Amino acid sequence: MSPKERPRTRMTGSQRREQLIVVSRALFATKGFEGTSVEEIAARAKVSKPVVYEHFGGKEGVYAVVVDREVQKLLGMLTEQLSSGGHPRRIVERAALALLDYIEANTDGFRILVRDSPVAQATGTFSSVIGDVASQVEHLLAEQFRLRRLDPAAAPMYAQMLVGLIALTGQWWLETRRPEKAEVAAHIVNLTWNGLRGLEKAPRLEPGD
C-alpha cells in the first residue's frame, strides 16, 4: 500500500482539542480576538466548523482556554520567584527576569495577554494577572516600609506601581528585544530598588511657580 493510500490516523477527542488550542493560540497572537474567526480556526486545523463548536462552543470558548493557560503559566513563573524568599532587591531582580523569561519563551502567549480582551472576558486579562502578582508583592513591600518607618498602608499602591513598571517594560522589550534581557532587568532594578531606598515619609508635589 502506498503512503497516499494509507488511512489517516484519527485523532482522539483530547488530541483534537489540543490541536485546536494550538492553532487558535497562533491565530489570536497574530490577529487578535476580533480578527480571528471560527472559519479560520477550522480551516487551519483542517476540520469543519461544527468540530470547533463541539469542543469549545465557539471562538469565545477556545479563547478563554488559551488565555487561562497563559495566565497560569505566567503567574506560576512569577509566583515561584516572589515566594522563594531572600533579600527584597533579589526578589525584584528575579521577578523582572521571570517576566522577561516568559516573554522570550512564550511570545505568542504574551501578545495574546496584552491585547484587548473581549468585553465578556472579565478575568484572565493581563491586567488581572498583574493585579494578582501585585497582591503578592504587597506584604514584601509592607515589611520593608515598616523597617524604614514608612506607612505600610501605602504598600498596595506601591506594589501596583512596581509590578506595572516591570510589566510595561516587558511589553516594550517584546518588540525591541534590545538590550539583552539581563541588562533590561538590571535597569528595572536600578530604578525600582534605588527609588524604594530613597522614599520620603510624606511625599508632596513641588508647588508651582
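Start by selecting E104, which is partly exposed, with a relative accessible area of 43%. You are looking at a predicted model, so keep that in mind as you click along. E104 sits in helix α5, the stretch covering residues 88–105.

Now show the neighbours. Leaving out residues up to four places away in sequence, E104 touches W173, R177 and K181.

Zoom in on K181. The side chains of E104 and K181 meet in a salt bridge, at 2.7 Å from N to O. E104 belongs to helix α5 and K181 to helix α9, so this pair ties together parts that are 77 residues apart in sequence. Are the two partners buried or exposed? K181 is buried, with a relative accessible area of 19%, because the limit for buried is under 20%; E104, at 43%, is partly exposed.

Stay in helix α5 and select R90 and E93. They form a salt bridge whose closest N and O atoms are 3.0 Å apart. Both residues lie in α5, three residues apart, which is about one turn of the helix. R90 is partly exposed at 39% relative accessibility, and E93 is also partly exposed, at 23%.

Next, move to residues 14–74. The unreviewed UniProt entry annotates this range as "domain: HTH tetR-type". Here the chain is 89% helix and 0% strand, with its end C-alpha atoms 24 Å apart.

Within this range, pick R69 and E18. Their salt bridge brings the closest N and O atoms to 2.8 Å. The pair links distant parts of the chain, 51 residues apart: R69 is in helix α4 (residues 59–82) and E18 in helix α1 (residues 13–35). Both ends are partly exposed, R69 at 38% and E18 at 32%. While you are here, select R25, E70 and K73, which are linked in a network of salt bridges. The count for the model comes to ten salt bridges.

For the last stop, go to the second largest pocket, which holds about 190 Å³ of space. Which elements give two or more residues to its lining? They are α8 (155–176) and α9 (181–197). To display the lining, select Y158, M161, L162, L165, L191, T192, G195, L196 and L199. Colour these by type and you will find seven nonpolar residues, two polar and no charged.

Conventions: Residues are numbered from 1 along each chain as its sequence is written. This is a predicted model: local features need pLDDT of at least 70, side-chain atom pairs count only at pLDDT 80 or more; totals for chains, interfaces and linings use all residues. Side-chain values use heavy atoms; hydrogens and water are left out. UniProt positions are given in the numbering used here, feature names are shortened, and annotations may be inferred rather than shown by experiment. Helices (H or I, at least four residues) and strands (E, at least two) are DSSP runs, numbered from the N terminus. Buried means under 20% relative accessible area, exposed over 50%, partly exposed in between (1.4 Å probe, protein chains only). Contact means heavy atoms within 4.5 Å. On a 1 Å grid over the protein atoms alone, a cavity is a set of points where a 1.4 Å probe fits but cannot get out, and a pocket is an open set with protein on both sides within 12 Å along at least five of seven lines; lining residues have an atom within 4 Å of a point. Grid points are joined across faces, edges and corners, and a volume is the space filled by probe spheres set on the points. Ala, Val, Leu, Ile, Met, Phe, Trp, Tyr, Cys and Pro count as nonpolar, Asp, Glu, Lys and Arg as charged, and the others, Gly among them, as polar. A salt bridge is a side-chain nitrogen of Lys or Arg within 4 Å of a carboxyl oxygen of Asp or Glu.
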